Amino acid sequence: TAATREKPAEPVAPAAEGTVQLDDKIKFSTVIDLDAGTIKFVVTYAQSKGWFGLGASKDGTMSSSGEGSDIVLCTSDGVQRFWVTAKSKPSGGKDVTGATCERSERVSVLTFTRDLKAGSNQREMKGKKGETTHIIYAYHASGNGLVFHSTKGSAVIDLAAGGVELHRRWRREQLERELRVA
């Protein structure tokens, strides 16, 4: 069975300006161009082997509760984008034009640019300060082929600020607000 990395209850501070550390193996940074309506991701995975990736989700789950999550993965097949609507091995991935996945002795780096707005089978990314996006990530440390993830997680992130509010904390605070209103 796959291990799910436990997340601390407090938000994770960006390791450097604009860098979001999702766990001890994976982090990313973004460059947002509001005029062009694009966001560039640089995802760093602290392994030279294995597949890894991240995506946008409606609710922090792999499938957005069946409504679809927009995921970009670096595998032995290159960089591909998937629309995932079920908790199963992604299929039907599309090559991502201009994306790279470079591996060195100790680290792998995935770079891709996408539109902020959602197109067909895509999730919108929020690019203005104060707006948040559910980011999901997963990886498997052995072999570059797409096999069941060894680690997964999610975070609610203000991509423009580089700040992270972990999904579990966000959901707890949302429920507390709803209870106060009721």
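**Exercise 1.** Find out how S8 and S9 pair, and over how many bridges.

*Solution.* Start with S9, residues 108-115, which pairs with S8 in the antiparallel sense over four bridges. Strands are DSSP runs (E, at least two residues) numbered from the N terminus, and two strands pair if DSSP finds at least two bridges between them. Next, look for Glu102: it stands opposite Val109 in S9.

This is a predicted model, where local features need pLDDT of at least 70, side-chain atom pairs count only at pLDDT 80 or more, and totals for chains, interfaces and linings use all residues. Residues are numbered from 1 along each chain as its sequence is written, and side-chain values use heavy atoms, leaving out hydrogens and water.

**Exercise 2.** Work out which strands stand at the edges of the open sheet, each with a single partner strand.

*Solution.* First write down the order, S1-S2-S3-S9-S8, for the five antiparallel strands of this open sheet. Then look at S1 (19-21) and S8 (100-103): each has a single partner strand, so one side of each is left without a neighbour in the sheet.

**Exercise 3.** Decide whether the residues of S5 are buried or exposed, then trace its pairing.

*Solution.* Buried means under 20% relative accessible area and exposed over 50%, with partly exposed in between (1.4 Å probe, protein chains only). Seven of the seven residues of S5 (69-75) are buried, so this strand is largely enclosed by the rest of the structure. Ser69, Ile71, Leu73 and Thr75 cover one side, while Asp70, Val72 and Cys74 lie on the other. Now the pairing: five bridges join S5 to antiparallel S4 (residues 51-57), with Gly53 partnering Leu73. Finally, S5 pairs with S6 (residues 78-84) over seven bridges, also antiparallel, and a hairpin of two residues joins S5 to S6.
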